[in-house]
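Reader: I am new to this structure and would like a close look at a single part of it. Please take the nonpolar core and what surrounds it.

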Amino acid sequence: MCFEYEAVECFSSCIRKSRKSHRCECCGSEIVRGSLYRFGSGIFDGDPFSVKHCGVCELKRWLIHVIELSHGCRWSESWCDDYDMNEVAENYDVPDYTPQEGQRFLAFEQVKTANLQTQQPRGIQ
């Protein structure tokens, strides 16, 4: 399918632990206090923006991304937008994950990112 959207001017994301209740920008479910969620921020069309996604939506988004890559899409074309995700997930028969599965996925992503950031570059031998 390969997704084509206008590119954001800059974007950054990280996994956070919620200190208060939030709403997922994608599915509208509650991100309860104490749970993990992905926070993203950037600049689009000259305006700053921020988003919060629950673990279930992040897990679905990742699976869609992998499917798109396997179909030959480029990295930048393989991420679907919040507004398209539920329809795309339905078309690809992406399962309905539980909140616990979403939390496990975000915990894994958090550890993976931390490990990548602490690895020392290898010198030339």
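**The nonpolar core and its helices**

In this predicted model, the largest nonpolar core has 15 residues, and those that touch the most other members are Cys24, Cys54, Cys57, Ile64 and Met85. Two or more residues of this core come from each of β4 (36–44), α1 and α2. A second, separate core has five residues, among them Ile15, Leu36, Phe105 and Leu106. As a general point, nonpolar side chains tend to be buried together in soluble globular proteins.

Leaving aside neighbours within four places in sequence, Met85 is in contact with Cys26, Cys57, Lys60, Arg61, Ile64 and Cys80.

Next comes the packing of the two helices. Helix α1 covers residues 55–70 and helix α2 covers residues 82–91. Their axes are 10 Å apart, and the helices pack at an angle of about 70°. Angles of 65 to 115 degrees count as roughly perpendicular, so α1 and α2 are roughly perpendicular to each other. On the α1 side, the residues that meet α2 are Cys57, Lys60, Arg61 and Ile64. On the α2 side, they are Asp82, Met85, Asn86, Val88 and Ala89. Sorted by class, this contact of α1 with α2 has five nonpolar, one polar and three charged residues.

Note on methods. Residues are numbered from 1 along each chain as its sequence is written. This is a predicted model: local features need pLDDT of at least 70, side-chain atom pairs count only at pLDDT 80 or more; totals for chains, interfaces and linings use all residues. Side-chain values use heavy atoms; hydrogens and water are left out. Axes are lines fitted to C-alpha atoms, for helices over the stretch in contact, and angles run from 0 to 180 degrees between N-to-C directions. Helices (H or I, at least four residues) and strands (E, at least two) are DSSP runs, numbered from the N terminus. Angles under 35 degrees count as roughly parallel, over 145 as roughly antiparallel, 65 to 115 as roughly perpendicular and the rest as oblique. Contact means heavy atoms within 4.5 Å. Ala, Val, Leu, Ile, Met, Phe, Trp, Tyr, Cys and Pro count as nonpolar, Asp, Glu, Lys and Arg as charged, and the others, Gly among them, as polar. A nonpolar core is a set of buried Ala, Val, Leu, Ile, Met, Phe, Trp, Tyr and Cys residues joined through side-chain atoms within 4.5 Å. Buried means under 20% relative accessible area, exposed over 50%, partly exposed in between (1.4 Å probe, protein chains only).
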